[in-house]
Amino acid sequence: MNNREINTDKVGLGTGDALLVIDIQNDFLPGGRLAVAEGDQVIPVINSYIDRFIERQLPVFATRDWHPKNHGSFIQQGGSWPEHCIAGSAGAEFARGLHLPAAVPVFSTGIDVDKDGYSGFENPDLNKHLEKLSISRLFIGGLATDYCVFNTVCDALNRNYQVLLLTDAVRAVNVHSQDGEQAINQMILKGALPITLAMIQ
Ligand code: VGL
Ligand code: ZN
């Protein structure tokens with residue numbers, strides 16, 4: 001590998017960049033109500049990304065799945081998921097061990113009974129906030145690859161943000177065993193750039 005190739009593997013952080021942490025909540029961790037296999041493994045990696053952004057005084061945002069008890073996506077309401085991330089419940093809390101600074105703005109999704117809420121952009125405050133801070137590049141990781149990460153990344157690309165997908169900090173529900181891989185491939189095809197922590201300068 002020559003130097004030029006090595007350089008193209010690096011991503012320098014700067015003004016206009018923001019980190020978006022998707023739904024790292026107890027119900028999506030092993031033992032939770034909608035457990036994502038290895039979901040807990042993203043926590044230390046996301047913490048390292050948070051450190052890099054905070055060190056450079058770059059903004060960090062988080063989303064959370066925040067459902068009413070009668071949300072339409074629940075099996076009890078004719079949907080496909082077990083009850084999860086009920087607003088205010090322990091399962092909806094951010095994972096212990098996730099080092100989100102207290103000042104990080106949190107955007108809730110899935111509040112409406114009849115909307116899936118898979119995309120952070122379903123909460124209009126997210127885009128307002130990004131525009132206010134003139135964010136142009138979003139570094140996106142969290143849970144789950146095949147639902148909230150996928151839909152948030154696609155919406156971000158549709159809104160002309162550059163997206164860097166943190167492939168070492170996402171895990172999938174995998175209702176079908178290849179869902180996570182397919183979601184990653186689709187996000188890349190749509191224009192997301194896959195990166196890992198080691199590539200951040
Ligand atoms: C999610 C399924 C149901 C997610 C939320 O955060 O990816 N997945 N609700
Ligand atoms: Zn949900």
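Predicted model: local features only at pLDDT ≥ 70, side-chain atom pairs only at ≥ 80, totals over all residues.
Polar atoms of the protein approach ligand 1 from several residues, including Asp23, His84 and Leu143. The side chain of Asp23 places an N or O atom 2.7 Å from an oxygen atom of the ligand. For His84, a polar side-chain atom lies 3.1 Å from a nitrogen atom of ligand 1. Leu143 takes part through its backbone. There, an N or O atom is 3.4 Å from an oxygen atom of ligand 1. On its own, ligand 1 has 260 Å² of accessible area, and the protein covers 99% of that area. The space that ligand 1 takes up is the largest cavity.

A further polar contact involves Glu83. This residue is found in the loop that runs between β2 (60-65) and β3 (106-109). The relative accessibility of Glu83 is 16%. Buried means under 20% relative accessible area, so Glu83 counts as buried at its value of 16%. The side chain of Glu83 has a partner in Lys69. The two side chains make a polar contact at 3.0 Å.

Note on methods: Residues numbered from 1 in each chain as written. Chains lettered and ligands numbered in written order. Heavy atoms only, no water. Polar contact = N/O pair within 3.5 Å; in protein donor to acceptor, adjacent residues only side chain to side chain. Areas by Shrake-Rupley, 256 points an atom, 1.4 Å probe, with all protein chains shown as cover. 1 Å grid on protein atoms, 1.4 Å probe; cavity = no way out; pocket = protein on both sides within 12 Å on 5 of 7 lines; lining within 4 Å. Sits in = over half its atoms within 2 Å of the grid points. Helix = DSSP H or I, 4+ residues; strand = E, 2+ residues; numbered from the N terminus. Buried < 20%, exposed > 50% of the residue type's maximum accessible area, 1.4 Å probe, protein only.
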